[in-house]
Amino acid sequence: MNTLKIKYSGKESLVPAARIIKNGGLVAFPTETVYGLGGNALDPTAAIKIYEAKGRPSDNPLIVHLSNAKDAEKYCFTNPLFEKIAASLMPGPLTVILPKKECIPKSVTGGLDTVGIRVPSHPAARELIALSGVPIAAPSANISGKPSPTEFAHIEHDLDGRVDALIDGGCCDFGVESTIIKLDGEKIILLRPGAVTVDMLSLFSENIVIDRAITEKFDGVPLAPGMKYRHYAPDIPLTVIDGGDNEFYSFISEQKRAGVICFDEDVTHIKFEKYVFSCGPSDNSLIQAQKLFSCLRKFENADGIDIIYARMPSKEGIGLAVFNRLIKASGFTVKKLS
Ligand code: TXA
Ligand code: MG
């Protein structure tokens, strides 16, 4: 397939991509979280094409992206708690799971009666949805199981030749996928942590439940089906190391054929010649979120190493999302140094 490449430069530049979506094709586009792979959410065959292009199991539902939260009621049954949350946090890096209406095909929702609704804030994403005139179903634009794409080069690597168009909108602001919540009466259930933090959600409910699948290996059925898959994984096994600075440096100095993901302050303490990547300052979870997936991708085709050791990040604020993606990349393998 010949893939059209578009550099985003305002609404006009998106006209051909919007036409592709309207005609049932697929377009990878930037959002403020990660790049998405979009198709018409009202067209059951577009969803099937998305699953094929990503190599994704079709029981893993797609998020439906809208240009305006006011449109949500066309596609799902909203409620007063959703209205309050949407008024303050949409557009933004948040997905809310609500009961779907008939017009959303089950091929989009992986057979579920609910649908994830998200209003991205990135102008290219909102303009693409508005120009297409339809809601856009979009998972992250990576090949299934790989780290989500946060730069144009990542979608080019994964999807060139597999989809109709790729839109270059530079680097993503947050770098981790949206926070996903489900509403149950006055209760908010956190299914996936992101840039909308638990503190931000606590302004809307005193009752916030964190799904177990976020922090621990869980063999039951997670509330977000995607959380059950091994994700974000480089080809080389990864272990998260939990320990103080000196313990970490001495542990690393004893290793051979290993790569490291650490913080800026650590780099000069690690004597390996290659494969030492920092994902930002230890006290800045936002920068860590922005850089984590590109750090993981740097290990693709890395030769001469058999294992990656990553330092345990803070779990505060957006740090919970960094922690969650990292332990998922490790298959929940954490080594505690004592
Ligand atoms: O930031 C994001 O959310 C990005 C951008 C492109 O918007 N999208 C994204 O999509 O991360 P995806 O497909 O990679 O992850 C969606 C997650 C999956 O874990 C899926 O199981 C869950 O959302 N999900 C979607 N619809 C759901 C539903 N109805 N009920 C429960 N979980 C749902
Ligand atoms: Mg994904």
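Predicted model: local features only at pLDDT ≥ 70, side-chain atom pairs only at ≥ 80, totals over all residues.
Strand S6 gives the most to the shell around ligand 1, contributing three residues.

**The shell around ligand 1**
- Both strand S4 (63-65) and strand S6 (114-118) supply at least two residues each to this shell.
- There are 26 residues around ligand 1, and those that come nearest are Thr-33, Asn-60, His-65, Ser-178 and Gly-226.
- Sorted by class, the shell holds 14 nonpolar, eight polar and four charged residues.

**Polar contacts with ligand 1**
- Thr-114 places a polar side-chain atom 3.0 Å from a nitrogen atom of ligand 1.
- Ser-140 has a side-chain N or O atom 2.9 Å from an oxygen atom of the ligand.
- For Arg-192, a polar side-chain atom lies 2.9 Å from an oxygen atom of ligand 1.
- On its own, ligand 1 would expose 680 Å², and the protein buries 97% of that.

**The sheet**
- Eleven strands make up an open sheet with mixed pairing, and their order is S1-S8-S2-S3-S7-S4-S6-S5-S9-S10-S11.
- Strand S1 (4-7) and strand S11 (208-210) stand at the edges with a single partner strand each, so one side of each has no neighbour in the sheet.
- Ignoring direction, neighbouring strands of this sheet are turned by 30° against each other on average.

**A pair of strands to look at**
- Strand S2 (residues 27-29) pairs with strand S3 (residues 36-40) in the antiparallel sense, over three bridges.
- Look for Ala-28 here: its bridge partner in S3 is Leu-37.

Technical notes:
Residues numbered from 1 in each chain as written. Chains lettered and ligands numbered in written order. Heavy atoms only, no water. Near = heavy atom within 4 Å. Polar contact = N/O pair within 3.5 Å; in protein donor to acceptor, adjacent residues only side chain to side chain. Areas by Shrake-Rupley, 256 points an atom, 1.4 Å probe, with all protein chains shown as cover. Helix = DSSP H or I, 4+ residues; strand = E, 2+ residues; numbered from the N terminus. Nonpolar A, V, L, I, M, F, W, Y, C, P; charged D, E, K, R; others polar. Pairing = 2+ DSSP bridges. Axes fitted to C-alpha atoms, helices over the stretch in contact; angles between N-to-C directions.
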